[in-house]
Amino acid sequence: PRPQAYLDVSGIEVHYGQAILAVRDVSLSVGQGQIVALLGANGAGKSTTLKAISNLLGPERGAITRGSVSWQGELVSRLSPSTLVGRGVVQVLEGRHCFPQLTVEENLLSGAFLRRPGRRELAEDLEQIYAWFPRLKQKRKTKAGLTSGGEQQMTAIGRALMTRPRLMLLDEPSMGLAPIVVQEIFEIIRSLNNDKGVSFLIAEQNANLALRYADHGYVLETGSVAASGPAAELAAREDVKAYYLGAT
Ligand code: ATP
């Protein structure tokens, strides 16, 4: 058996209904303190894999039909997403889901809902988020729906941080954002990793970018792992370059 990682995904298979096999035999792991990139083209199965890990799939939304997911040595395949959040695993969905009618600050506060912290703790956590995302502090009273795409992505990440996660699953954080903003977001991810020891599993079509920040990477192709390895090695591999790195 493989050594137990922080997050261990072992041979999962995911079906949507009976007909669509979206993920076939994906195994991956995220070590404590690691940033891991999950790469692959549109439709390769990145989102499905992340949802399988955080149990956001369901009977009519797809199901794990084989394999298992364990987190810190515990099988978590049957835990609800909110239970998993309580265990320190949180997902930021693709497309920066914010509540558009709520202010940026209200969005952030909503992230603490499950934890029910005291006032003081809440205020401290907010200040911490604003220290990482100074832009959000400026926009704290603005309705999230009226902020820029980058700010909405930051709000979505900030809200997830309010759960005090140990592992964050990010789905395409760069999607639709200007390169300079994307870089800003990845720099924040790097400092969260360095300063707070938060681990990351990041699904990204922009392989070039993700591999600059990741320790390790997996390339998915039609639902299975086509290549994997240390980020620098993957980035240097001719076959990976040819298929993925030129693409973005
Ligand atoms: P993207 O970047 O577009 O999200 P992805 O790599 O994350 O791509 P998935 O979204 O996981 O890929 O999709 C994997 C496969 O599963 C695709 O063939 C897709 O069409 C299919 N699929 C995804 N969601 C559903 C769903 N709710 N019902 C049926 N099929 C789905």
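Angles under 35 degrees count as roughly parallel, over 145 as roughly antiparallel, 65 to 115 as roughly perpendicular and the rest as oblique. The model is predicted, with local features requiring pLDDT of at least 70 and side-chain atom pairs pLDDT 80 or more, whereas totals for chains, interfaces and linings use all residues. Side-chain values use heavy atoms, without hydrogens and water, and residues are numbered from 1 along each chain as its sequence is written.

**View A. Packing of helices α6 and α7.** Helix α6 (residues 149–161) and helix α7 (residues 179–196) pack with axes 10 Å apart, at an angle of about 15 degrees; the two are therefore roughly parallel to each other. In the contact (heavy atoms within 4.5 Å), α6 contributes G150, Q153, M154, I157 and L161, and α7 contributes V181, E184, I185 and L192. By class, this contact has six nonpolar, two polar and one charged residues.

**View B. Surroundings of the ligand.** The ligand is surrounded by 14 residues, the closest being N42, G43, G45, S47 and T48, where a heavy atom within 4 Å qualifies a residue as near.

View C. Polar contacts are pairs of N or O atoms within 3.5 Å. A polar backbone atom of A44 is 3.0 Å from a ligand oxygen atom. In the side chain of E94, an N or O atom is 3.3 Å from an oxygen atom of the ligand.

Key
Axes are lines fitted to C-alpha atoms, for helices over the stretch in contact, and angles run from 0 to 180 degrees between N-to-C directions. Helices (H or I, at least four residues) and strands (E, at least two) are DSSP runs, numbered from the N terminus. Ala, Val, Leu, Ile, Met, Phe, Trp, Tyr, Cys and Pro count as nonpolar, Asp, Glu, Lys and Arg as charged, and the others, Gly among them, as polar. A polar contact is a pair of N or O atoms within 3.5 Å; within protein, one must be able to donate a hydrogen and the other to accept it, and residues adjacent in sequence count only if both atoms are side-chain atoms.
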